[in-house]
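Good morning, colleagues. Please bring up the sequence and the model, and I shall go through the points in order.

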Amino acid sequence: MADTVLIEINNLLKRYGDKAAVNNVSLQVRAGEVFGFLGPNGAGKTTTIKVIVGLLQPTAGTVKVAGYDVQTQPLPAKAASGYVPDTPNLYAKLTGRELLRFVGDLYDLDRKQVAQRTEELLQMFDLTAAADDTVDSYSHGMQQKTSLAAALMHDPKVLVLDEPTVGLDPKSARLIKDILRQMAERGAAIFLSTHILEIAERMCDRIGIINKGELIAVGTMEELRLLGKAGETSLEDIFLGLTGGAEEAEIAEILK
Amino acid sequence: MSTLTLAPSRRLWPAVWKLIRLRVLISFNTFKHSRTIRKIFIVVAYLALLAFAGLILFLSWRLLDFLRSPSLKQYVGMDVTPFLQAMPVIIFTGLFAGILLSSFGVLLQALYLSGDMDFLLASPVPIRAVFVTKLLQAVLPNFGLISLFGLPVLYGLGLAGNYNFLYYPLVLLTMVVLALAAAGLSALLVMLVARVFPARRVAEILGFVGAILAFTCGQSGNLFNTFGHSANVSGAQVSSMFTLVTRFNTPWFPLNWAGQGLVALGEGRWLTGSLLVVLTLGLSAVAFSFALATAERWYYTGWASMQVVSRRKKPLRTARLPVSSDAIHPNALFVVGASQGLKRLLTAPVWGILWKDFLLLRRDLRNLSQLISPLIFGVIYSIIFLRAGGQAPAGQGEAPDWFTSTFQSLMNYGNIIMALFVGWWLLARLSGMAFSSEGKNYWMLKAAPVRASQMLAAKFLVAYLPTMVLGVFFLGGISIIQKTPPVSFLYGLLAVAMSMAGMNGILLAFGVLGANFKWEDPRKMSAGQLGCLGQFLAMLYLPFAFLLFVGPVWLVPVFHLPPVAGYLGGIILGATITGCCAFLPPWLVRMRVERLGES
């Protein structure tokens, strides 16, 4: 099972007018793997993620999720994946419970299964007390947790998360990390983008670094260390060395 | 420690000036970066407003000059001087009351629901400066609007009465001070309400009530005329109105002091005038200062209550469900059975979208106000139609006979026309905006394994089902009152159902083409230019669809055929073409649905 490729990106190109937001990106994520996707602001992380979950069509290249081409077989590809966006835009006037029920309907789940899964997820994310309040009364963290609960509703094989821990308290952030690790152990592929390098270093089996739309490094921490200069042992040093942020870091050090 | 850190200014007015400058800069940047056509439009609009103000000034001057002429009093026998002296009182009272009421909604948005309050409160700016700026920001549009009409009239009054030069700057000063005092009190009212109720909910209720009131007032004129009230005003009525206005000008009402004082100053009664104007300005300044000081204390309570999420403990829904079939009410069984039957016909995603959209339409009052308008409109026009006994209005009697008879024949189908017209109004919102209404949440549908055809089917039903309910309500109601034969009613029902379906298809397709997901307030959602084109086409389609069903029924007597042939012809012709309109446009745009939200 560990060799099964669940996310396969081949020569992905996405242009906005003349600008290539993602340029010739190719990578694979296997079952049971947590893949961290790093890059500076505007590097093309969110665009890549949106193509994987079928929110954007690529200009060229292919993306396969659970073996299904996202462009030619969108329905099975989408049915196999769950998505947590960077901003939890959820229907403000639905309650948390109604929102999860709605997601269950969208994924064509059995009604009894939806009811059972809803209660499990609400309990898991500590949302039971607020389950009958409308989403617009939720804090950012609660909305983020609701968004994650919605993504887990159909127990996806592939989970794609864009900055999942932003706005979460340490307890919730820890919970999410545990859930992702458990899902990976059960054979799911986790693809997450984050700016928190400590999370990437501790959680991810492999890491990809994207800069100016191009994938400049992919591998395990050990493999990335080999790519960096001598003495660059932490992910932060490697990241800054590869993306050209080392000079800015030095200036910041002088200003201290 | 960085040397860049400076002590923030604690002085009020420099901080106010900074915030106003920021607001001006934002407005200037918005203007600078807008399209040339928009820039030209804005400049022309402002010039037109100035010209309009000039016109009002000129007309007021000449009219008031005429009213003051001694010959008018001699011929008409009516002395209008007391009325003219009461005019500033009316304008200032109107200004105060207008600003007090109209600022409430604006201030609620500006103080509690605007995105910049967190930033402003966290910055080292005195909170009073923030309030003053917000008050000015809220009061300016309404002040401008009231001044556009009020200021030229007051200046016209001064010119016509040869008032003292002091009158003119003092009129402007008094207007500004009174407006600020009214806005300050309005801000207090906002904060008082926000302490008790969630600001967002208050804004929704206000929007709902405001829209319904505005619409009802707009349409009530038609109803007023229907009940036989004449729009012509008699001389006696004018006289009694003048008397009423004059009576209102008592010295005991503080709001009157401004107007009375200014008139006294203008006429050279210095002592009375100065006393009243100084008293008004002083009281306004006290009211404004009190509002500012109190607001500072009250604001945080209301703001803090917004940050705390209220939790009303509700019983779990599962607990409310009947546990056994014995406990189910027979009616509930019917409803559940019907809903289960509908569910079997629909796939889970279609059912899910349908259920979600109905919940959202019902819960967001800002949506609801748009949906209730057709109902009010329909009720008002049905009353007008029924009061006329289903007859065509006689008019001046100059129309040719063929026109009158055709118009009368058309009135026989008043029930269908009313149902179609109300339905068109509702469909324009529900179907035309079906996709735009998803807003920023559209990603949830797009990332889910839902076919474009399923989305289109769901959105079609979301618009169609309530429209049909409303259509049947009007068709049935008018048919019962008019004692329409059952066959005609059933035929009308089919005509309405099919015509609505066709119009729904057209509006839905254009709504897809112009879908716009970038909005914050549901009242500001739009289906773009293509959506407008759809509305226009739907407007042309409506009489066409009506004629498809009614035309054959009209024509059969000409060809000496039995009435049943007309009905049959109408069904074949109408159902075929409207059916095509229902299915073809959505089918043509199904590929576009898959690319929505990618721009």
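Predicted model: local features only at pLDDT ≥ 70, side-chain atom pairs only at ≥ 80, totals over all residues.

**Domains, chain contact and confidence**

The domain assignment, which comes from an automatic or database source, divides chain A into domain 1 (5-219) and domain 2 (223-256). Residues are numbered from 1 along each chain as its sequence is written, while chains are lettered from A and ligands numbered from 1 in the order in which they are written.

Between the C-alpha centres of domain 1 and domain 2 of chain A the distance is 28 Å. Their contact involves 11 residues of domain 1 of chain A and 9 residues of domain 2 of chain A; two residues count as being in contact if their C-beta atoms, placed from the backbone, lie within 7 Å. On the domain 1 side, α7 (197-203), β9 (206-211) and β10 (214-219) of chain A each contribute at least two residues. Helices (H or I, at least four residues) and strands (E, at least two) are DSSP runs, numbered from the N terminus. That side of domain 1 of chain A comprises 8 nonpolar, 2 polar and 1 charged residues. Here Ala, Val, Leu, Ile, Met, Phe, Trp, Tyr, Cys and Pro count as nonpolar, Asp, Glu, Lys and Arg as charged, and the others, Gly among them, as polar.

Chain A as a whole has 10 helices and 10 strands. Of the 256 residues in chain A, 47% are buried. A residue is buried if 20 or more other C-beta atoms, placed from the backbone, lie within 10 Å of its own, exposed if 12 or fewer, and partly exposed in between.

Which helix gives the most to the side of chain A that touches chain B? The contact takes 30 residues from chain A and 26 residues from chain B. Both α2 (74-80) and α3 (96-106) of chain A supply at least two residues of the chain A side, and α3(A) gives the most, with 4 residues. By class, the chain A side has 17 nonpolar, 5 polar and 8 charged residues.

Helix α3(A) is mostly covered, with 11 of its 11 residues buried. Its cover includes α4 (111-124) and α5 (140-152) of chain A, together with α14 (348-363) of chain B.

Two residues deserve a remark on backbone geometry. Most residues other than glycine have a negative phi. D126(A), however, has a positive phi of about 60° and lies in the loop between α4 and α5 of chain A. H560(B) has a positive phi of about 55°, and it counts as exposed because it has 6 C-beta neighbours inside 10 Å.

Finally, confidence. The model scores ipTM 0.88 and pTM 0.73. Chain B averages a pLDDT of 80, pLDDT being the predictor's confidence in each residue, from 0 to 100. Over residues 307-336 of chain B, the pLDDT is below 50.
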